[in-house]
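User: I would like to go through this structure by question and answer. Please start with the terms.

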Amino acid sequence: MKNLDLDLIKERREQPWREELRKSKKPKERNSVPRVKMPEAPIEERISSLTIEVNQGLTEEQALLEATRCLDCPKPSCMIGCPVEIHIPSFIKFVEAGKYLDAAKIIRETSSLPAVCGRVCPQERQCESQCVYNAMKKPPVAIGYLERFVADYEREYDQSHPKKAEETHITPQLNGMKVAVVGSGPAGLSFAGDMAKLGYQVNVFEALHDVGGVLKYGIPEYRLPNSVVEAEIQKLRDLGVTFETNTIIGATLSQEDLEEMGFDGVFVASGAGLPNFMGIPGENYIGVMSSNEYLTRVNLMHARGLESETPVMLGENVAVIGGGNTAMDSVRTAKRLGAKRAMIIYRRSLEEMPARLEEVHHAMDEGVEFLNLHNPIEYKSDENGRVKTMLLQKMELGEPDASGRRRPVPIEGAIEEIPVDVVVVSIGVSPNPLVPNNFNGLKISPKGTILVNEDNQTDVPKIFAGGDIVRGGATVILAMGDGRKAAAAMDEYLKNKK
Amino acid sequence: MNLIVEKKNFSEKVVMLRVEAPRIARARKPGHFVIVRVSETGERIPLTIASANEKEGTITLVIQAVGSSSQRINALKVGDYLHDVVGPLGRPTEIEKVGTVVCAGGGVGVAPLYPIVEGFHKAGNRVIVVLAARNKDLVILEDEMKKVSDEVIVMTDDGSSGRKGLVTAGVEEVIKREKVDRCITIGPAIMMKFVAKLTKEYNIPTVSSLNAIMVDGTGMCGACRVTVGGQRKFVCVDGPEFDAHQVDFDELLMRLNSYKTPLKK
């Protein structure tokens with residue numbers, strides 16, 4: 001169990017306004033309120049566009065009512081489930097009191113990207129899985145929805161009151177030290193925010209032409225608008241963080257260059273960008289591509305935008321291979337690009353699917369077909385090399401494997417051939433080798449991940465690492481948690497060294 | 001950054017740009033490339049670094065106008081900026097002393113060949129350059145190549161400059177005349193395929209620099225994947241140079257046509 005700052009939790013909880021608020025309703029009144037339902041854009045409307053956000057956000061009334069459900073526990077177990085340990089009851093009680101900007105302040109103490117996390121975190125496996133309501137056999141408080149409500153409220157407030165927003169900028173007291181961040185994805189952004197608040201001069205280096213990593217190139221607009229990510233990044237700029245795009249550490253600038261530039265510490269958060277393929281016959285035919293390529297063309301390069309010069313392959317029958325969140329993002333994108341038949345091809349059953357339940361449901365609502373217990377074994381093409389059909393091996397579940405999940409086993413002779421125009425391979429990623437290959441002294445695992453100690457420190461004392469380059473393919477919030485942990489540890493290390 | 005400081009028209013469709021990019025100029029080695037985006041709405045396209053001046057902080061790119069992006073790049077003037085330039089990307093050419101090296105370049109591929117010719121010559125090799133083009137007007141860098149090599153043979157399809165014939169004829173002439181220790185070829189995929197076929201007959205180790213479709217250029221998407229010796233490789237991080245005798249050129253040629261057939265609406 002993590003060490004929560006119980007003193008601070010207690011101090012906040014015992015403030016008179018909060019005691020009063022807590023007593024204003026009986027627990028029974030609170031826990032008899034049904035959990036809020038997130039309003040969603042109508043299906044027909046949303047699948048006709050790449051940009052309409054599916055989850056529309058809570059109304060103020062909904063947020064106020066949902067906030068009353070929180071029982072304001074003295075030992076808030078929800079916080080233990082949050083990788084960045086947001087003071088959850090504290091922010092929710094500010095929501096109940098209608099003080100949304102104060103709620104935002106609480107969240108920002110420990111999270112640099114609340115509008116992002118409120119949208120893409122798998123709360124059902126994190127904060128909400130630890131909510132006391134679970135023990136009461138009731139649905140947990142909708143912490144993620146409330147976080148999103150607060151962050152969206154704050155962003156809209158800032159945008160409509162630019163002057164006031166400026167006044168509330170925190171200008172950290174610089175401590176004279178500077179740190180470099182390799183990669184501007186969720187791990188790098190979270191680290192950058194924390195270090196800037198601690199008074200470091202922070203330079204973030206990004207290889208692509210736009211900042212945000214997977215938040216920009218990977219997660220689609222209908223789930224996470226780029227404008228929301230951009231607003232969060234602007235908050236970091238306001239804190240004094242500088243971003244340099246088109247800069248590849250290990251290529252444009254070397255380890256020695258960073259040394260010469262006088263960085264006291266380096267945080268490597270270069271992610272796991274290298275797509276895996278299956279290695280089956282025909283996988284290089286035209287129309288077969290990685291989910292990274294497909295999503296990058298659509299999300300980062302705006303391939304279907306009016307003026308964009310980047311093309312994207314369209315088809316009537318689109319098959320997406322895999323069962324993770326990236327597979328759901330790809331298949332729902334295919335639907336929005338006009339596919340008549342958008343299919344998930346997954347070798348296990350629905351139960352084993354690693355994607356968030358919410359995403360699976362959204363995909364089903366939108367008409368995505370699920371071919372579970374199917375595994376591609378070969379692609380066939382037309383005379384120009386364009387993929388035309390795929391051979392699918394039907395599977396059944398056998399004995400549990402090392403992961404504890406029942407292993408899919410081919411059913412002998414059960415092979416079908418279906419027509420496909422576009423195939424998106426979404427079976428995972430490997431760590432990007434650019435940094436590991438071009439840095440001296442780092443210890444690298446056989447899988448290509450950077451090895452770190454429990455403080456996220458590498459074998460080179462001033463270099464820390466976190467996110468997917470350490471974990472392999474994981475989640476946004478775990479990456480953010482790493483960034484936060486690494487920031488605290490590096491601060492400790494650099495202060496002691498001084 | 002990315003200010004265009006010099007522009008030269010090699011021919012109607014081939015343009016040389018010298019671009020301010022001090023970090024890339026400092027880090028680049030022969031064989032490296034950059035990804036360029038002409039504007040906010042432009043696509044990311046790969047271009048090999050033809051040469052660089054570290055002191056002035058500039059890199060030189062040679063661009064052939066074949067599509068919308070390259071046409072827009074070629075329409076830029078001195079004083080304009082490229083929106084994005086990122087690099088250096090790929091693995092640099094392995095330059096070593098091997099003896100006699102034949103460098104065969106076709107069309108705009110002659111530009112990326114230049115730093116490689118220069119490198120091998122500096123390393124003490126006898127370097128013979130075979131330049132091929134459709135006609136006289138499309139022959140580029142002939143004089144520059146002469147300065148950094150022992151011999152330049154020009155081949156044109158119509159015989160309007162040098163000798164009439166394909167690049168392979170020029171390469172074979174050298175092979176028949178003297179011992180060749182290595183061949184390096186850069187140009188259209190179809191040309192490299194036939195150079196590789198020829199040198200394989202003579203058992204001459206051959207390297208080709210592949211020109212696949214790319215998006216990010218840093219290994220994250222696999223758009224540029226090719227089959228080399230039966231293995232899947234990404235041109236942007238494992239290449240762009242590979243053992244030409246191991247490359248599946250037919251697959252490369254096929255994949256280069258990915259976006260040529262009109263996309264269904």
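Analyst: Buried means under 20% relative accessible area, exposed over 50%, and partly exposed in between, with a 1.4 Å probe and protein chains only. This is a predicted model, in which local features need pLDDT of at least 70 and side-chain atom pairs count only at pLDDT 80 or more, while totals for chains, interfaces and linings use all residues. Residues are numbered from 1 along each chain as its sequence is written, chains are lettered from A and ligands numbered from 1 in the order in which they are written, and side-chain values use heavy atoms, with hydrogens and water left out.

User: Is Cys131(A) buried or exposed, and at what relative accessibility?

Analyst: The cut-off for buried is under 20%. Cys131(A) falls in the buried class, with a relative accessibility of 9%.

User: Which residue has the closest cysteine sulfur to Cys82(A)?

Analyst: Cys82(A) is also buried, at 7% relative accessibility. Its sulfur is 6.3 Å from the closest one, too far for a bond; that sulfur is in Cys127(A).

User: Which side chain of opposite charge is nearest to Asp216(B)?

Analyst: Asp216(B) sits in the loop between β12 (206–209) and β13 (225–228) of chain B; strands are DSSP runs of E, at least two residues, and helices are runs of H or I, at least four, numbered from the N terminus. A salt bridge needs a side-chain nitrogen of Lys or Arg within 4 Å of a carboxyl oxygen of Asp or Glu. Asp216(B) is buried and has none; the nearest side chain of opposite charge is 6.3 Å away, that of Arg44(B).

User: Which backbone nitrogen does the side chain of Asp216(B) reach at 3.0 Å?

Analyst: A polar atom of the Asp216(B) side chain lies 3.1 Å from the backbone nitrogen of Gly219(B). At 3.0 Å, the side chain reaches the backbone nitrogen of Met220(B).

User: How many salt bridges does the rule find across the interface of chain B and chain A?

Analyst: One salt bridge joins the side chains of Glu309(A) and Arg72(B), at 2.2 Å from N to O. Across the interface of chain B and chain A, the rule finds four.

Technical notes:
Lys and Arg count as positive and Asp and Glu as negative; His and the chain ends are not counted. A polar contact is a pair of N or O atoms within 3.5 Å; within protein, one must be able to donate a hydrogen and the other to accept it, and residues adjacent in sequence count only if both atoms are side-chain atoms. A disulfide is a pair of cysteine sulfur atoms within 2.5 Å.
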